[in-house]
Amino acid sequence: SGSSDPYCVVKVDNEVVARTATVWKSLNPFWGEEYTLRLPRGFHSLTVYVLDEDTIGQDDVIGKVSLSRQQISAEPRGVDSWLSLAPVDPDEEVQGEIHLELQVPKQGHPRVLRCHLIEARDLAPRDLSGTSDPFARVSCCGHTLETAVIKKTRFPHWDEVLEFKLAEGELGEAVLSVEVWDWDIVGKNDFLGRVEFPLETICRDPTKGWFQLLPFPSTAEDHRGQLGALRLAVRLVEDTVLPGPYYQPLIQLLTEPILCPCQPPAGTALAVLEEVTSGESRQDVATKLVKIFLGQGLAVPLLDYLTTRELAKTTDPNTLFRSNSLASKSVEQFMKVVGLPYLHEVLKPVVNRIFEEKKYVELDPGKMELSRSRQVRGGWLGGTRRISFKGSLSEARVRESSLELLKGYLGDIVDAIVGSVEKCPLIMRVAFKQLRRRVEERFPSAQHEEVRYFSISGFLFLRFFAPAILTPKLFSLREQHADPRTGRTLLLLAK
């Protein structure tokens with residue numbers, strides 16, 4: 001059809017840790033999905049594969065973006081850019097570790113290199129059974145030896161010792177190579193990974209331990225830009241979590257202006273945080289503040305403190321809470337934390353119906369499909385052919401039917417919201433009641449009577465209900481992203 005059904009798989013050191021939804025029939029997919037992964041300290045790389053989902057047969061691999069730990073760590077603010085997709089070579093897709101003991105005894109002539117191949121773990125599955133038939137191949141100084149094949153496992157245990165006699169003068173630049181392969185009865189064996197050691201190092205000190213299997217050095221041509229590009233934002237954060245009492249001074253400092261309101265507001269820790277946070281970090285700061293104050297039972301006073309400060313700086317009520325200030329971001333995060341079950345109860349029935357009905361909705365004449373098409377069985381090859389009846393629909397009819405559908409969906413959404421007062425979490429209602437009171441105090445004149453309602457609807461609709469209608473997947477209302485037709489309906493509804 002000239003398009004793909006792309007999705008992404010995220011791997012850390014070749015272990016699958018996440019999979020995005022599939023975006024159907026698109027060469028320019030938008031996922032907008034965010035994952036927080038708790039990684040082992042010694043991880044090596046993060047790789048994102050882009051695949052094309054196929055209903056029949058195996059999914060096609062489009063390409064990948066791979067970032068080493070060093071690349072991510074080198075950017076304190078994280079990697080955030082378009083990265084070209086690289087082709088995927090099966091010989092480079094290795095995983096797992098091998099347990100070895102290597103030594104060259106100091107005594108004896110000729111000297112003998114002893115390679116004890118103990119076991120391997122977490123090898124890549126190369127057979128349809130989801131396992132492999134691994135064996136190890138050891139090469140040194142022009143000689144090669146192999147272990148036995150262990151059938152149907154990704155965790156082989158060989159416990160074999162292979163020995164190489166070393167001639168004088170062979171120790172200089174010589175390298176010991178250990179490769180792991182999947183044995184196949186038909187066709188060529190599949191590569192599972194390799195590791196190399198300078199012989200000089202082994203002669204000096206015995207080498208023992210688990211070693212990560214590596215791919216063959218890449219010989220792939222540069223396909224930069226040919227396979228497309230992936231927009232990624234990746235940030236590595238190393239957190240050390242201490243016992244609770246260590247945080248008490250910080251919590252006391254943050255809660256001081258709320259518990260002791262007599263203190264001058266300009267010099268408080270919260271006021272300083274508000275001044276020094278940039279647009280990039282404000283989301284993180286707001287998220288952490290809301291969680292800390294929820295834990296202390298002080299979330300409503302926190303929001304009251306922040307919104308009151310913003311009200312004091314606002315002269316034009318039409319701009320109230322429109323910026324991404326610390327107050328706005330904190331209220332937004334607060335709603336997401338305490339109101340997600342409520343959001344699901346209100347919106348899920350209507351959103352599910354929109355996804356299931358897949359009705360055609362369009363108001364823009366430039367985007368309207370004004371032809372009806374019908375599939376007719378038969379034809380020359382007994383298959384399906386498409387007959388199109390041009391001009392059978394007018395702009396007015398499409399617009400009329402679209403408006404009718406939108407009004408129906410929107411009426412159901414508004415009715416669900418209006419009728420959900422008792423379901424709305426009490427803490428959200430208390431927070432908005434306090435917000436309304438503060439707005440009334442700041443703008444008491446009759447001409448600003450509606451500001452008290454706009455201040456609440458700005459949060460409740462623009463930052464809570466509307467974004468969830470626009471992208472239900474990001475609010476866990478649906479498991480998959482909408483197809484283009486349903487996505488257009490959701491966009492018009494959100495607007």
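**A histidine and its neighbours**

Tutor: Leaving out residues up to four places away in sequence, His116 touches His99, Leu100, Glu101, Asp159, Glu160 and Val161, where contact means heavy atoms within 4.5 Å. This is a predicted model, in which local features need pLDDT of at least 70 and side-chain atom pairs count only at pLDDT 80 or more, while totals for chains, interfaces and linings use all residues. Residues are numbered from 1 along each chain as its sequence is written, and side-chain values use heavy atoms, with hydrogens and water left out.

Student: Which strand is His116 found in?

Tutor: His116 belongs to strand β7, residues 111–121; helices (H or I, at least four residues) and strands (E, at least two) are DSSP runs, numbered from the N terminus.

Student: And is His116 buried or exposed?

Tutor: His116 has a relative accessible area of 17% and is therefore buried, given that buried means under 20% relative accessible area, exposed over 50% and partly exposed in between, with a 1.4 Å probe and protein chains only.

Student: Switching to α4, which residues are buried there?

Tutor: In helix α4, residues 269–276, the buried ones are Leu270, Ala271 and Glu274. Seen down the axis of α4, these buried residues fall within an arc of 100°, so they line one face of the helix; the arc is that of the directions from the helix axis to the C-beta atoms. On the other side of α4, Glu275 and Val276 are exposed.

Student: What do the buried residues of α4 pack against?

Tutor: They pack against α3 (248–259), α5 (279–295), α6 (299–313) and α7 (326–357).
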